Amino acid sequence: MQWIRALYYKPLARVKTNGIMSEPFELTRSTRQGCPVSPIIFVLALEPLACSIRANQQISGIKMYDYDFKINLFADDILLTLSNPEISVKHLFKLINEFGNLSGYKVNWNKSEATPLNCMTFPVHLDATQIVWKKEGTLPLSLWGRAEIIKMNVFPRLSFMTASIPLKFPESWFKEIKKLFIMFLWGDKKPRISLSKLVRHRNKGGLGIPDIYTYYLAFNGKYPLLWAYYEHHEDTTQSEEQPDICRPMQ
């Protein structure tokens, strides 16, 4: 704290306009523009609010590995991951308002967004605030994030269905699925990379997206291979036992 006070003891600044420097003037509020100490000071000032949110038992986060994840901070950006919104949101707003009255900190609710993580969260849970409500499916996912969703969530469901149902799926059905994959990957925009390149391994410049038609052929190709193996194994066994059966008794 002493070093910070020394850095900001009667600070002076000058304004450059069209190459002309103004006379020095003293800063009575805030910090110099672009000062690297500014975000550090802000984080120190905002940490009491973060500690209060973590310590408040009425505010529930997402529990993973015996830890309750509630808040993530990066400079002046705050990311909250809450559960039980009927209770958590109400106590969160109360805590933020109390902190603002003591510190002068204010939240621009018009620039704040809320995104539901399941189908049981609704705008009524925001307690009549002016937060922008983001519907499901509007998460800011990158191309790599969308590819991971296809690999981990969508593809296992489709592959289980095609492997379990003893019916022949037409090739046109797989083409429609690939079209849906392309629309999801590029957000209904014109694709810049073909899906045939995205299915390649990452070491070869792709994203490793599985080709569902190839997997379908592999799933169904194992049955004739197994039948051929068992049939060949039975023929081999019979041919090996045949001389012993036909050998005359001595």
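1. What share of the contacts in the protein with a separation of 6 or more is accounted for by residues 24 or more positions apart? The share is 44%, where a contact means heavy atoms within 4.5 Å. This is a predicted model, in which local features need pLDDT of at least 70 and side-chain atom pairs count only at pLDDT 80 or more, while totals for chains, interfaces and linings use all residues. Residues are numbered from 1 along each chain as its sequence is written, and side-chain values use heavy atoms, with hydrogens and water left out.

2. On confidence, the protein averages a pLDDT of 78, and 82% of the residues score at least 70; pLDDT is the predictor's confidence in each residue, from 0 to 100. Among the elements, helix H7 has the lowest mean pLDDT, 66, whereas strand S3 (residues 20-21) has the highest, 88. Over residues 242-250 the pLDDT is below 50, and this stretch has zero contacts in the model beyond near neighbours in sequence. Where pLDDT is low, the predicted coordinates should not be read in detail.

3. On overall composition, the protein has seven helices and 11 strands, these being DSSP runs numbered from the N terminus (H or I, at least four residues, for helices; E, at least two, for strands). Of the 250 residues, 22% count as buried, where buried means under 20% relative accessible area, exposed over 50%, and partly exposed in between (1.4 Å probe, protein chains only). The accessible surface comes to about 19600 Å², of which 59% belongs to carbon and sulfur atoms; such areas come from the Shrake-Rupley method with a 1.4 Å probe, and for residues only the protein chains shown count as cover.

4. The largest nonpolar core has 17 residues, and those with the most contacts inside it are Leu185, Leu198, Leu207, Ile209 and Ile212. The elements giving two or more residues to this core are helices H4 (143-164), H5 (171-186), H6 (195-198) and H7 (212-246). A nonpolar core is here a set of buried Ala, Val, Leu, Ile, Met, Phe, Trp, Tyr and Cys residues joined through side-chain atoms within 4.5 Å. Not counting residues up to four places away in sequence, Leu198 touches Leu185, Trp186, Ile193, Gly206, Leu207, Gly208 and Ile209. A second, separate core of 11 residues includes Leu46, Ala50, Ile53 and Ile59.

5. Helix H5 can be checked for its length: at 1.5 Å a residue its 16 residues should span 22 Å, and its end C-alpha atoms are 23 Å apart, which agrees; the expected span is 1.5 Å times one less than the number of residues. The buried residues of H5 are Phe174, Ile177, Phe181, Leu185 and Trp186. Seen down the axis of H5, these buried residues fall within an arc of 155°, so they line one face of the helix, the arc being that of the directions from the helix axis to the C-beta atoms. The face of H5 turned away from its buried side carries the exposed residues Lys175 and Leu180, and just after H5, Gly187 takes a positive phi of about 60°.

6. Helix H3 (residues 85-103) passes the length check as well, since its 19 residues should span 27 Å at 1.5 Å a residue and its end C-alpha atoms are 26 Å apart. Pro85, Ser88, Val89, Leu92, Phe93, Leu95, Ile96, Phe99 and Gly100 are buried in H3, and they cover an arc of only 165° around the axis, which puts them on the same side of the helix. What covers the buried residues of H3 includes helix H2 (37-55) and strands S5 (60-64), S8 (77-80) and S9 (82-83). The opposite face of H3, turned away from its buried side, carries the exposed residues Lys94, Asn101 and Leu102. H3 is followed by Gly104, whose phi is positive, near 85°.

7. Two loops deserve a remark. Asn56, in the loop between H2 and S5, counts as buried because its relative accessibility is 19%; leaving aside neighbours within four places in sequence, Asn56 is in contact with Lys70 and Leu95. Most residues other than glycine have a negative phi. In the loop between S5 and strand S6 (67-69), however, Tyr65 has a positive phi near 55°, and Asp66, placed in that loop too, has a positive phi of about 60°. Tyr65 counts as exposed at 78% relative accessibility, and Asp66 is exposed with a relative accessible area of 86%.
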